[in-house]
Amino acid sequence: MSTTRTVRSELADGREIVFFSLAGNTARPVPDVRPLPARADTAPSEIRRDRQTGDWVAIAALRQERTYKPPADQCPLCPSPNGDRSEVPAAEYDVVVFENRFPSLSGAGDDAPEPIDDAVSAPGVGRCEVICFSSEHTTSFAELGHAHARLVMDAWRERTAALFALTGVEQVFCFENRGAEIGVTLPHPHGQIYGYPYLTPRTMSMLRQAREFAQMYGRNLFADILAGEIDAGVRILVSDEHVTAFVPFAARWPVEVHIYPNRHVHNLSELTDAELDALTSVYLDVLGRFDRLYPTPLPYISALHQYRTEGIQAHGYFHIELMSIRRSETKLKYLAASESAMDAFVTDVTPEQAADRLRSAAS
Ligand SMILES: [Zn+2]
């Protein structure tokens, strides 16, 4: 971590921006001279509890105004050398993170929010950040070199620690939506980082499973899943001393890959440099396979599952889940009645077949 070079600055409306630079590069932000409205003028979002399930829903009406598929010369994520054109006031950058101008959740860390344990609604306190993987408008994560992809990992690690430290943030979620098919409105290679004020429904159900497993067997559920996959072998895609990637036994998506460090850690902060290097290599390997599956690049979602080290979250095991809705060269899987209304996934490709296809998509 100490080797990552970071430079901090502020955007015209007071939002924080952090530049991460490759060895030998230094970020040189210029003043952001855009006449942006002050953030206090924008209405905060609200979270409401669905009392049927106990799950929170974030109601963020202001996001309707967000930038939708702008022309390439107006990309808000490309560098802006004069500080007048985009969200990144600098002539160039390697990786940059800034607070989202249209956040679903905001205000974490400002002051201690009311506890929400028994509430049915509350202000949408939290944090939403944008992370640009490269200043190059037309590249993709899969095309980054190892050092550059590792810099993204370092940025994710730094932001995870920073957001965990904010009052009001319970869970930190780094993710990438890639491809217009899954609703990406900006083609510039980027991801997002959410700091939620609660544990998300999928995380909560995974942690409950893991807690129950630990009570019954005295071991970590995810470590047991990983050991089972390594034993079975049939769904393993890539593995080395530090990291293993596999198609899960009960995959829900036509393309689904989970990447685990071989050692139980809760979040990126606990990985060693060697483990982070290995994770970077395996991640790039898997993304490369995704793009070789079909004549056009695969739309995908990448989800970093990270946990705190105390409470129920201590049962968590850091890993990355990647999934795609594309089920053939031209067809997408739509989440219809069974999936959308019942959370009951039906898939027409076996996870073993999916693993075979991804194995044959090696470079
Ligand atoms: Zn761009």
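Predicted model: local features only at pLDDT ≥ 70, side-chain atom pairs only at ≥ 80, totals over all residues.

Q: Which residues coordinate the zinc ion, and through which atoms?
A: The zinc ion is held by C75 and C78 through their SG atoms and by H137 and H188 through their ND1 atoms, at 2.0 to 2.3 Å.

Q: How are these donor residues spaced in sequence?
A: Their spacing reads C-x2-C-x58-H-x50-H. H137 sits in the loop between β8 and α1, while H188 sits in the loop between β9 and β10, so the pair ties together parts that are 51 residues apart in sequence.

Q: Is H188 buried or exposed?
A: Buried means under 20% relative accessible area, and H188 counts as buried because its relative accessibility is 1%.

Q: Now to a helix: which residues of α2 are buried?
A: In α2, which covers residues 201-217, the buried residues are T203, M206, L207, A210 and F213. They lie on the same side of α2, because they cover an arc of only 125 degrees around the axis.

Q: What do the buried residues of α2 pack against, and what does the face turned away from them carry?
A: The buried residues pack against β9, α3, β14 and β15, whereas the face of α2 turned away from its buried side carries the exposed residues Q209, Q215 and M216.

Q: Which residue follows α2?
A: α2 is followed by G218, whose phi is positive, near 70 degrees.

Key: Residues numbered from 1 in each chain as written. Heavy atoms only, no water. Helix = DSSP H or I, 4+ residues; strand = E, 2+ residues; numbered from the N terminus. Expected span 1.5 Å × (residues − 1). Buried < 20%, exposed > 50% of the residue type's maximum accessible area, 1.4 Å probe, protein only. Arc of directions from axis to C-beta. Contact = heavy atoms within 4.5 Å. Donors = N, O, S within 2.8 Å, 3.2 Å for Na, K, Ca; no water.
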